[in-house]
Amino acid sequence: MSDPFVGVSYYAPAFEISIEGTSLTAEQAGIIKSVSITKQINQSDTFSFEVQDLLENGNFKWLGNDLFKYGKKVTIKMGYPGNLTHQCEGHIQTIEPKFY
């Protein structure tokens, strides 16, 4: 009997975020909870992504980390594994911590 899950990951949407020309590592990409891009006619595209931070020795690992600093250039690709296409490019303009 063949494995019914072979190739299933092909149908799962995927993304790739690059910051300052460097793709996020597997660990860094693993903390991204959501990615959103808004495209409108006659307006700039906007993007957002939500990071689920980790506590290490009582300190947040990513909040305040240089990787996600204001002004850094971000490129986002979306699609399916093996077929990601460029969707948006911009700079980090706002950082909003949420504690819940």
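Where is Ser18 placed? I found Ser18 in strand 1, residues 14-19. Strands here are DSSP runs of E with at least two residues, numbered from the N terminus.

Notes on the source. I am working from a predicted model, in which local features need pLDDT of at least 70, side-chain atom pairs count only at pLDDT 80 or more, and totals for chains, interfaces and linings use all residues. Residues are numbered from 1 along each chain as its sequence is written, and side-chain values use heavy atoms, with hydrogens and water left out.

**Entry: Ser18**

Ser18 has a relative accessible area of 12%, so it counts as buried. The cut-offs are under 20% for buried, over 50% for exposed and partly exposed in between, with a 1.4 Å probe and protein chains only. I then checked side-chain partners. The side chains of Ser18 and Ser23 make a polar contact of 3.3 Å. Such a contact is a pair of N or O atoms within 3.5 Å; within protein, one must be able to donate a hydrogen and the other to accept it, and residues adjacent in sequence count only if both atoms are side-chain atoms. Leaving out residues up to four places away in sequence, Ser18 touches Ser23, Lys73, Val74 and Thr75. Contact means heavy atoms within 4.5 Å.

I moved on to Thr75, which lies in strand 7, residues 73-80. Is Thr75 buried or exposed? Thr75 is buried, because its relative accessibility is 15%. Its side chain has a polar contact of 3.3 Å with the side chain of Glu89. Beyond four places in sequence, Thr75 touches Glu16, Ile17, Ser18, His86, Cys88 and Glu89. With the same exclusion of residues up to four places away, the contacts of Val74 include Ile17, Ile19, Phe47, Phe49 and Ile92.

**Entry: nonpolar core**

Which residues have the most contacts inside the largest nonpolar core? I noted Ile17, Ile19, Phe49, Phe68 and Val74, in a core of 15 residues. Strand 1, strand 3, strand 4 and strand 7 each give two or more residues to this core. By definition, a nonpolar core is a set of buried Ala, Val, Leu, Ile, Met, Phe, Trp, Tyr and Cys residues joined through side-chain atoms within 4.5 Å.

I also checked Val35, in strand 3. Not counting residues up to four places away in sequence, Val35 touches Phe15, Ile17, Ser48, Phe49, Ile76 and Met78. Val35 and Gly79 are 44 residues apart in sequence, and their C-alpha atoms are 12 Å apart.

**Entry: Thr22**

Thr22 is in strand 2, residues 22-23. Its relative accessible area is 52%, so Thr22 is exposed. From Thr22 to Lys73 I count 51 residues in sequence and 9.9 Å in space, C-alpha to C-alpha.

**Entry: two asparagines**

I looked for positive phi outside glycine. Asn42 has phi near 60°. Asn42 sits in the loop between strand 3 and strand 4. At 78% relative accessible area, Asn42 is exposed.

Asn57 has a positive phi of about 55°. Where is Asn57 found? Asn57 is in the loop between strand 5 (55-56) and strand 6 (59-60). Asn57 is exposed, because its relative accessible area is 82%.

Notes: Helices (H or I, at least four residues) and strands (E, at least two) are DSSP runs, numbered from the N terminus.
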